[in-house]
Every structure is written in structure tokens, then in C-alpha cells.
Amino acid sequence: MNAAQYHGHHIWRRFRRQQLWLQLKANKVAFISSVILVLLTLTALLAPWLSPFNPADLQQQNIMDAELPPAWNEQGDNRFILGTDGLGRDLLSSLMHGIRTSLWVGFWAVLLQLTLGTVLGLCAGYFGGWLDRMVMRLADFQLTFSSLMLAILVLAITRAAMGAHDYHVWSPWLLILVLGLADWPQYARTLRASVLAEKHKDYVAAAQVLGYRSRHIMVMQILPNTLSPLLVIATLQVAHVILAEAALSFLGIGMPYGNPSLGGMMGSGFEYMLSGLWWIALMPGVALVLLLLSINLVADWLRDALDPKNIGQQQ
């Protein structure tokens, strides 16, 4: 069995043998980042039950509680640990739901990118010919545009065409669709290069001689040997999508106003910065930086841990 086959078919076995777990514990930065990421993810998943208030419930908002500083401030209120925004909403509850929104958009957008890029890259690399040329030219064309600028253009046009009410309803799914379709070329180009190297190896030739169909060879033989770079790209892209969603929401064309998001909270709190109400914009900014930093550090560790060269040295 060659090195690529060994690498592809033994990723799950390495998890079971706890090799990756031992590597993670040995890397203190990656381990702390993983713990922070797990805690943020659990907070997001359990936000409807853990948050003290529901930021979308108008009955729980009191304008008399607006612009309260954090609880440790002399003018703070113990009911609102991180303070309140301009409408009297609890910032801690909004942060928990905002992280939930960011991870939700990031997961589904990256899943769409991964699926589309994997299918196109796998077919282009294995079949070659006109299909390969067409997919690569389409990828080259799309890479000439900034994904964020493309999202701003599409969402602005869609908002004007649909109207404010319909856009408010469909904006979360439009964000996922636009951000998901914007960055598939990275997966397709990476996977195509890996498939071109794998399809000429002996195990692929043996599968062809045994009469396996092309779909079986691509999915069951070649794809497992090319998953590692895709996993690293996907992890990094989660952070990229979260940052893009925050930027779009900050500009007012992302998540609707009634749906808490980190970028939207920063945008609404930015106007209060000069008034001394620093916590309204600072708290979501700190949460966003912490979320993105933990994802990027985990992705950096995952890239090194799944590198075949490092795996060969550890065997």
C-alpha cells in the first residue's frame, strides 16, 4: 500500500488510536484554541436555553434599560452582565445568539462550497478533456472577483428587487447561497490537482481492471486519499465566511435587524462609540476576534497534523 492510500484510509483509525488527540494536547496553543472553540460552539447551540433574555422578544425589551454599562461598572445592573444596547437588549444574550448565527451561516455556506467544489474538482481531474477545461476556466473567471465584493453586489441588487419585507425573510438563506457559491474554486482547484496525481497510481488501475465504475473509483478510492487538504480549507473557510457575514451585516445588507449577528451588533454600536458607550460595539468585536482566532489556530494545527510528511515521521 502506497503512502497516499495509507494516509487516506487511516485518518479515522488515527482518531481511534488517539494519535491526533495526543498531538493536540502536546500543542498548547491549538489545545487552548480548541477548548475555546468548543465552548463557543456549545454556547451557540444552547443559546436559546442559556441566554438570560431572548433578544428577539420585544416584550423583554425595556427602553428604560437602554445603554446600561456592564455590571462591574458603578452604574451597571446585575441583570445585564455585559450591559445593554441602545434598545435595552441584554448584550450577553445578543452575543450568544450572534455567535449562533455566525456559526450557522458559516457551517452551511462552507458545506455548500465543499460539496460543489468537490464534485466539480473530482470530475474535472478524473475525466479531464473538455470538462476539465470548462471547470478550470469557470474557476479562473470567478477568482478574478473578490468574494466579498461579489456578495455585496448580489445582495444589494437582490434587496432592491425583492423589497425590504421579503429580503428580511430570505436574507439568511441568501447569505448562505451567495457566500457558498463565491469560494468553491479553491476546493475544485486543490482537489483537481490531487486527483491528477492519484488517478495514475496502481490502486486506481487495479480498480479499473476489476471493472469498478468511474463513480465508485472516484468516491471510494480516490476521494479518501485527497480529503486532508479539503478539511483544512473548509476549516479556514468557516472563519472567512463568518468574517464576510459580519462585514455584510455591519454594512446593513447581511442578517436582518431583528436577527442578532456579531457584525450587525458592531454596526449598530459603532455610532455610540463617540458618546462613551464603548461596550455596545466592543463586546461583539471581542467575541468575533476570539471566534475567528480560535478557528484559524485550530485550522493551522489541523494542516500540520494531517500533513502526510508529518504522519510518515510519526509512524
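Is Glu-198 buried or exposed? With a relative accessibility of 6%, Glu-198 counts as buried, the term buried standing for under 20% relative accessible area, exposed for over 50% and partly exposed for what lies in between (1.4 Å probe, protein chains only). The structure is a predicted model, in which local features need pLDDT of at least 70 and side-chain atom pairs count only at pLDDT 80 or more, while totals for chains, interfaces and linings use all residues. Residues are numbered from 1 along each chain as its sequence is written, and side-chain values use heavy atoms, with hydrogens and water left out.

Glu-198 pairs with Lys-201 in a salt bridge whose closest N and O atoms are 3.2 Å apart; a salt bridge here is a side-chain nitrogen of Lys or Arg within 4 Å of a carboxyl oxygen of Asp or Glu. Lys-201 is partly exposed, at 27% relative accessible area. Salt bridges with shared partners also join Asp-65, Asp-77 and Arg-79 into one network. Within this group, the side chains of Asp-77 and Arg-79 meet at 3.0 Å, N to O. Over the whole structure, the search finds eight salt bridges.

Another of these pairs is Asp-132 with Arg-192, with the closest N and O atoms 2.6 Å apart. This bridge links distant parts of the chain, as Asp-132 belongs to helix H7 (residues 129–143) and Arg-192 to helix H10, 60 residues apart. Helices are DSSP runs (H or I, at least four residues), numbered from the N terminus. Asp-132 is buried at 11% relative accessibility, whereas Arg-192 is partly exposed at 21%.

Arg-192 also takes part in the packing of H10 against H6. Helix H6 (residues 91–127) meets H10 at an angle of about 35°, with 7 Å between their axes; axes are lines fitted to C-alpha atoms over the stretch in contact, and angles run from 0 to 180 degrees between N-to-C directions. The residues of this contact comprise 12 nonpolar, five polar and one charged, where Ala, Val, Leu, Ile, Met, Phe, Trp, Tyr, Cys and Pro count as nonpolar, Asp, Glu, Lys and Arg as charged, and the others, Gly among them, as polar.

Val-195, in helix H10 (residues 184–198), is buried at 0% relative accessibility. Beyond its neighbours within four places in sequence, Val-195 is in contact (heavy atoms within 4.5 Å) with Leu-122, Gly-125, Tyr-126, Ile-222 and Thr-226. The C-alpha atoms of Val-195 and Ile-222 lie 6.8 Å apart, with the two residues 27 residues apart along the chain.

Conventions. Helix = DSSP H or I, 4+ residues; strand = E, 2+ residues; numbered from the N terminus.
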